[in-house]
Amino acid sequence: MSENSCDTLEEIAPMVHRGMLFCDGEREVPWLIFCTPEGDTRVLPKAFIATGNPDEFPARPLNRADQLPCQTYTLEEAIRFAGKGTRIQLLPGKYYRPVIISKDHTRKATPLIISGMDNKTILCGNNRPGKIYPDLPDMQDFAFFKIKDTEGVTVRNLSVQGCWPSFLIAENSRHIRIEKLHVEDGRYPVFAGPGCRDFIINDNYWKQDPTEAIWQDIDWLYTHHTQYAYMNGGFFGSLNFTTGLVFSNNEIEYAFNGLRMAIDSDDVSAFNRNVQVYSNRFSYIRDNAIEPEGHALNWHMYHNRFFNNHAPFSFDNVSGGHWLIYGNTGWFDDQPGRPYQTGRGGKIFKFGKKASTTKDSYIFNNSWYTRSFVIKKSNINHIYHYNNAYQFCDPGTYSDQPCLCVTRDTLTKKFPEDGKWPDKLCFDFDLSTVCFGQLCDHGQEENGIHNPAFRFKNPHKGDLKLKKSQQVEGRPLDDIFSLSWVDTSSVKPAKNRKLKIGAYQGDELTEGPAFKPL
């Protein structure tokens with residue numbers, strides 16, 4: 001019989017692989033398990049079977065000699081077999097059956113990894129919005145993944161559709177990593193309940209409303225607490241999250257909020273500690289991009305880009321402090337809602353009626369092209385605001401978009417609302433196209449620059465670098481780099497901290513001190 005003949009079963013490779021790979025000497029916990037929606041048999045390239053590397057998976061089926069029949073498992077079966085360091089590799093398909101991970105068999109250094117093949121692996125939810133505001137998701141609600149009493153789980157490289165209210169809910173779990181997801185729909189795609197800490201949310205994409213109606217067609221009032229309130233969430237949400245969140249390099253658009261961390265305890269000081277939010281892009285956010293509630297201690301928020309946001313930062317009556325907000329940029333070319341709807345004005349920083357922070361925070365070297373006041377109708381304390389650049393829009397350039405650009409005469413409005421200036425509230429060395437108004441009345445902005453003629457390079461397109469001829473030296477930040485609550489072990493010499501006003505130092509965003517957990 002010829003070598004290439006396929007006429008006899010004897011010449012077809014037997015099913016030598018059972019869908020699991022074990023390390024040498026290990027026969028109980030596999031390091032790799034292959035999954036399909038129904039746990040069927042797949043014919044896979046030998047190189048892919050040996051490594052599980054998606055790069056070895058062909059773009060289309062091929063009848064080739066270097067392939068073997070391979071038993072696969074359902075996701076539920078794979079989780080039952082998995083242990084420390086297991087990687088569950090999802091093969092192409094649509095997955096509909098939610099699963100529970102509820103055993104403490106992993107660690108930070110050896111997590112259980114559930115990995116897909118990007119848009120080839122689609123995890124489908126019930127496609128029905130769940131409870132509405134103010135209820136938050138819990139273990140009784142739908143989630144494709146429910147993680148409980150577990151340490152060390154990574155979920156990555158998946159497409160997610162129709163998971164309401166959540167794609168993943170965790171409780172009493174830590175060292176959870178969510179990365180490279182492409183998500184549509186959902187109120188809180190990732191939600192961390194009580195007892196959770198140490199989450200990394202990195203390099204994900206979320207479009208909450210694929211119709212894009214949330215930005216301009218649906219009234220803010222309806223999405224906040226009436227018939228569309230099932231959208232009142234964020235890509236990451238939490239209740240009584242303790243410490244250790246990294247939220248970075250995510251892209252979020254056409255959503256109500258970006259991330260929102262709630263507390264329902266009388267003692268808020270134990271929650272929402274040690275959070276880093278950096279290098280994200282928030283676009284068409286109808287309410288707040290970054291919103292801690294109740295308390296926030298030791299937050300670094302930097303190098304984020306905000307395009308068409310109602311309110312980038314919300315600290316409404318939030319206690320705590322030690323916030324660093326720097327190197328962020330924001331711009332707009334549209335306004336949320338319709339002229340007859342609510343919630344259209346916005347602001348850059350939202351604070352509450354009570355100055356509740358007790359620890360010093362710094363807002364420095366950010367750049368904004370804005371139609372909204374920086375702060376309005378609020379009271380704050382323990383805030384130092386330096387080296388920020390604000391170009392307000394000119395209504396004359398928006399003749400084809402009536403009311404898109406509103407004339408602002410001052411940087412802030414009714415601030416502080418109670419008229420009393422706190423001892424630890426300072427604004428200085430800022431650059432603005434409108435006057436400082438009430439700030440100067442309270443002895444602020446002694447070195448601030450009011451220059452109606454300054455312009456960013458191309459603010460309508462988000463290029464918020466200052467032309468070289470308009471760059472101005474700002475306040476040195478040696479004291480910020482020397483704070484006891486930042487990492488000073490790798491601080492550069494003081495001469496490198498003479499900064500220009502604005503988010504950019506040349507072509508690079510301003511760098512701040514390194515994060516140190518408290």
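These notes cover aromatic contacts and one surface patch in a predicted model.

1. Aromatic pairs. A search of the whole structure turns up 40 of them. In one, tyrosine 254 and tyrosine 284 have ring centres 4.4 Å apart and planes at 5°, so they count as stacked. This pair links distant parts of the chain, 30 residues apart. Tyrosine 254 lies in strand 18 (residues 251-262), and tyrosine 284 in strand 20 (residues 281-292). Tyrosine 254 is buried, at 10% relative accessible area. Tyrosine 284 is buried too, at 15%.

2. A phenylalanine pair. Strand 20 also holds phenylalanine 282, whose partner, phenylalanine 306, is in strand 22 (residues 305-315). The two residues are 24 apart in the chain. Phenylalanine 282 is buried, with a relative accessible area of 0%. Phenylalanine 306 is buried at 1%.

3. Aromatic cluster. Phe282 and Phe306 belong to one cluster with Phe313, Phe315, Trp323, Phe349, Phe351 and Trp368.

4. Charges over rings. Arginine 475 places its charged end over the ring of tyrosine 386, 4.1 Å from the ring centre. The charged end of arginine 80 sits over the ring of phenylalanine 81, 5.7 Å from its centre.

5. Surface patch. Leu221, Tyr222 and Tyr228 make a nonpolar surface patch of about 230 Å². Tyrosine 222 is in helix 4 (residues 220-225). Its relative accessible area is 35%, so tyrosine 222 counts as partly exposed.

Note on methods:
Residues numbered from 1 in each chain as written. Predicted model: local features only at pLDDT ≥ 70, side-chain atom pairs only at ≥ 80, totals over all residues. Heavy atoms only, no water. Patch = residues over 30% accessible without salt bridge, like charges linked within 9 Å, V, L, I, M, F, W, Y side chains within 5 Å. Areas by Shrake-Rupley, 256 points an atom, 1.4 Å probe, with all protein chains shown as cover. Salt bridge = Lys/Arg side-chain N within 4 Å of Asp/Glu carboxyl O. Helix = DSSP H or I, 4+ residues; strand = E, 2+ residues; numbered from the N terminus. Buried < 20%, exposed > 50% of the residue type's maximum accessible area, 1.4 Å probe, protein only. Phe/Tyr/Trp six-rings, centres within 6.5 Å; stacked < 30°, edge-to-face > 60°. Lys NZ or Arg CZ within 6 Å of the ring centre and 35° of its normal.
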